[in-house]
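Subject: Structure for your review

Dear colleague,

Please find below the structure that I am handing over to you. My findings follow it, arranged by topic.

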Amino acid sequence: MNVAYSDLSLITEPGPGDRPFLQAVRSAQSSADLVMYELSDPTFEQALVSAQKRGVRVQVLLNGGYYGGGSSANEAAYSYLKANGVSVRWSPSRFALTHQKTLVVDDKTAYIMTLNLVDEDYSTSRDFAVADANSQDVSAIEATFTADWNNRSIRPSHGVDLVWSPGALDSQLSLINSARYTLDIYNEEMDDSAVTSALGAAARRGVDVKVVMTASSDWDSAFKSLTGAGVHVRTYKQDASLYIHAKMILVDGRRVFLGSQNFSAGSLDDNRELGIILSTAAIIRSLERTFAGDYAHATPFRTPGRSTMPKPKPKPSPPAPHPTCSVSANWDGSYHDWNVYVQGPADVDATATADGHSHSYYTNSSGYADIYLDAPESAAGDPVTVTAGSATCTGTL
């Protein structure tokens, strides 16, 4: 879906995938500057190379990992672009992460995205992008790109209504606190106490606050607090056909934030991020329709372990076989933690423990869970124990 108005237009995913961005690069006459957290789209990467070969100045700034510690997610794209003559650099290490996702073409149009350019995500991920042809915004984005490209410090210009990180928290809180009637929220994370408090306070003063996210046990405590304050929280399962990756704050049907910022201290305060605040009626109407559909198909959040219906008395049955599970693990250099993969009973709480560290996640309907364990890389070879419901299994990191 593409909704255009004046010098702004909205792209809604799932839908066109990378086609709008491919078209922009393929039509570029003089320049294409890309900042991307994750790039894994061979077709788009080939378009960048083709543009470079026909004389377009192509510059690509890729996230270089946590404080420059390396990003395995981008190594293949980096190597391919560099080998084919495209100017590509790792992002400045003074940021925790460069989570910004922008494409600027010919110094005329800036695409401000919530999505990464990862081809396998296009068909399932709820995301948005804004094509912004406002000259003040484009100049501000390009000036910041040039500074980050050359690893120079800059205080980014906010153009007409850009929202930059580091330093985005006040803007997010101001927008939430301005709500009088409604707040519609998409996000991938709910991990900033100031944001959670502001959303709860809005609900308590009578604002109709709705939150749509993909479920994760990491946010259960925040969700419990929000629902206790009167916020309507609805979620999709991790294995649902729609994954909520968008970041949106829609206030009173009049103003909306879209961008790369998650509700976490790192995203708002430590990363390089970019979003934009809009008041374009046609774009807002489109966002409202999309959100209403996603909200209607999501499941109301219930505190884990609590049920609103009495449990029926079980019928006598033969003893069930003792549940079993299996575990494997690998080090994730992008996030500096371990991915612990569990296969066991379905729809249970699974907890992985190793090297004095522990973390939990729910298994899906197939009994699968990917648990992120914050143990150091030096723990390789150490035993890891997983309890999944009543099943227990062991393996090694």
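S87 is located in strand β6, which covers residues 87-90. This is a predicted model, and everything below should be read with that in mind. Leaving aside neighbours within four places in sequence, S87 is in contact with V58, Q59, V60 and W149. The C-alpha atoms of S87 and E377 are separated by 32 Å, and these two residues are 290 places apart along the chain.

A second residue to look at is T235, which belongs to strand β15 (residues 232-236). Is T235 buried or exposed? Its relative accessible area is 10%, so T235 counts as buried. Not counting residues up to four places away in sequence, T235 touches M213, A215, F223, A298 and T299.

Next come the salt bridges. Side chains of opposite charge can pair when their charged atoms come close. How many salt bridges does a search of the whole structure find? The search finds 8. One of them joins D148 to R272, with the closest N and O atoms 2.8 Å apart. This pair links distant parts of the chain: D148 sits in helix α4 (residues 135-149), while R272 lies in the loop between α8 (265-270) and β20, and 124 residues separate the two. Both D148 and R272 are buried. The pair also takes part in a network of salt bridges, in which R94, D148 and R272 are linked.

Another salt bridge forms between the side chains of R255 and D161, at 3.7 Å from N to O. Why does this pair tie together parts that are 94 residues apart in sequence? The reason is their placement: R255 is in strand β18 (residues 255-259), whereas D161 is in the loop between α4 and β11 (162-165). R255 has 34% relative accessibility and therefore counts as partly exposed. D161, at 27% relative accessibility, counts as partly exposed too.

A further salt bridge brings together the side chains of D208 and K210, at 2.7 Å from N to O. The relative accessible area of D208 is 27%, so D208 is partly exposed.

Please look next at strand β11. In a regular strand the side chains alternate between the two faces of the sheet. In β11, L162 and W164 point one way, and V163 and S165 point the other way. All four of these residues are buried. Which way does β11 run relative to β20, parallel or antiparallel? The two strands pair in the antiparallel sense, over 4 bridges. Within that pairing, S165 has E273 in β20 as its bridge partner.

Rolling a probe the size of a water molecule over the atoms shows where empty space is left. The second largest pocket has a volume of about 180 Å³. It is lined by 13 residues, and those closest to its centre are L8, V160, I277, L278 and S279. Which element provides the largest share of this lining? Strand β20 (residues 273-278) does, with 3 residues. By class, the lining consists of 5 nonpolar, 3 polar and 5 charged residues.

With kind regards

Note on methods
Residues are numbered from 1 along each chain as its sequence is written. This is a predicted model: local features need pLDDT of at least 70, side-chain atom pairs count only at pLDDT 80 or more; totals for chains, interfaces and linings use all residues. Side-chain values use heavy atoms; hydrogens and water are left out. On a 1 Å grid over the protein atoms alone, a cavity is a set of points where a 1.4 Å probe fits but cannot get out, and a pocket is an open set with protein on both sides within 12 Å along at least five of seven lines; lining residues have an atom within 4 Å of a point. Grid points are joined across faces, edges and corners, and a volume is the space filled by probe spheres set on the points. Ala, Val, Leu, Ile, Met, Phe, Trp, Tyr, Cys and Pro count as nonpolar, Asp, Glu, Lys and Arg as charged, and the others, Gly among them, as polar. A salt bridge is a side-chain nitrogen of Lys or Arg within 4 Å of a carboxyl oxygen of Asp or Glu. Buried means under 20% relative accessible area, exposed over 50%, partly exposed in between (1.4 Å probe, protein chains only). Two strands pair if DSSP finds at least two bridges between them. Contact means heavy atoms within 4.5 Å.
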